[in-house]
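Welcome to my notebook. I am opening this structure with you and jotting down what I look up as I go.

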Amino acid sequence: MQRNRRTHRNRTISSVGIVLLAAAMAMVVSCASPAPTAPPTTASPTSTGGTSDITELVDWSLPPLYGTIDLASGFRPDPFLVEVTAGGNRNLRNVGRVGYVAEAPDFDLNYSSGPYNLYIFVDTQGADTVLIVCDPSGRYFYSDDQIGTRPGMHFSNPESGLYDIWVGTYGSQTTPATLAISEIRPSGW
Ligand SMILES: [Ca+2]
């Protein structure tokens, strides 16, 4: 069952439609739910060695700070862009990662997938940012430096459903950033 606002208490993991991540493009931070019965082909949820679970730092069920969008595969314009303030008071060191995010997601994507890959990435004016995404199966993924110091994730055969997105900073200072959602491989990727 996929997550949505009405069924968020039911975090059952679907055994089908597992997101495939391109190698080394994102790493699983932690997972609020039991491990999937069928592991993803190219990435598996792993322990990070941190002292806390990611769900003790962030709350996907809070209203997103910068809104929600419904996008169906083939959406235009592509990329879809959202201006956000990256960062917050949640220190990812506690889950074995580096960076700072807010408790609430910055943005929620309700995605209807099609034949394309899904890219979620961040653009900044030189600021070092990080990214956390909770996918429709309730698994958390982390990225730091995908394009220079900018984070990005690539979902192959993406699931339809809710993607909660946190745009964070490497250091403790917040910074303006642009969140990008695309089905086209970004330049410099
Ligand atoms: Ca970074």
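**Entry 1: a hairpin.** I started at a turn: β9 and β10 form a hairpin with four residues between them. In that turn I found glycine 138, with a positive phi of about 85°. I looked up one of the partners: valine 133 has phenylalanine 141 of β10 as its bridge partner.

**Entry 2: staying with β9.** Next I checked which way they point. Thr129, Leu131 and Val133 face one way, Val130, Ile132 and Cys134 face the other way, and all are buried.

Entry 3: Threonine 129 stands opposite threonine 169 in β12. From β12 (residues 161–169) I moved on to β7, which pairs with β12 in the antiparallel sense over five bridges. Here phenylalanine 107 stands opposite isoleucine 165 of β12. β7 (residues 107–112) also pairs with β3 (residues 68–72), in the parallel sense, over five bridges. Isoleucine 69 has leucine 109 in β7 as its bridge partner.

**Entry 4: stepping back.** I counted elements next: the chain has 13 strands and zero helices. Of the 189 residues, 42% are buried. Among contacts between residues at least 6 apart in sequence, 73% join residues at least 24 apart.

**Entry 5: the core.** The largest nonpolar core has 38 residues. Which of them touch the most other members? I noted Ile120, Leu131, Ile132, Val133, Ile165 and Val167. I then looked up isoleucine 120 by itself. Leaving aside neighbours within four places in sequence, isoleucine 120 is in contact with Leu131, Val133, Gly152, Met153, Ile165 and Ile181. Nonpolar side chains do tend to be buried together in soluble globular proteins.

Entry 6: Most residues other than glycine have a negative phi, and most peptide bonds are trans. With that in mind, I went looking for exceptions. The bond from arginine 76 to proline 77 is cis, with omega near 0°. The bond from aspartate 78 to proline 79 is cis too, with omega near 15°. Where is proline 77? I found proline 77 in the loop between β3 and β4 (80–86), and proline 79 is in the loop between β3 and β4 as well. Asparagine 157 is not a glycine, yet has a positive phi of about 45°. Asparagine 157 sits in the loop between β11 (152–156) and β12. Asparagine 157 counts as partly exposed because it has 15 C-beta neighbours inside 10 Å.

Entry 7: The mean pLDDT of the chain is 81, and 73% of its residues reach 70 or more. Over residues 6–27 pLDDT stays under 50, and the model has 55 contacts beyond four places in sequence for them. Residues 29–48 are also below 50, with 51 contacts in the model beyond near neighbours in sequence. Where pLDDT is low, the predicted coordinates should not be read in detail.

Terms used
Residues are numbered from 1 along each chain as its sequence is written. This is a predicted model: local features need pLDDT of at least 70, side-chain atom pairs count only at pLDDT 80 or more; totals for chains, interfaces and linings use all residues. Helices (H or I, at least four residues) and strands (E, at least two) are DSSP runs, numbered from the N terminus. A residue is buried if 20 or more other C-beta atoms lie within 10 Å of its own, exposed if 12 or fewer, and partly exposed in between; C-beta atoms are placed from the backbone. Two residues are in contact if their C-beta atoms, placed from the backbone, lie within 7 Å. A nonpolar core is a set of buried Ala, Val, Leu, Ile, Met, Phe, Trp, Tyr and Cys residues joined through C-beta atoms within 7 Å. pLDDT is the predictor's confidence in each residue, from 0 to 100. Two strands pair if DSSP finds at least two bridges between them.
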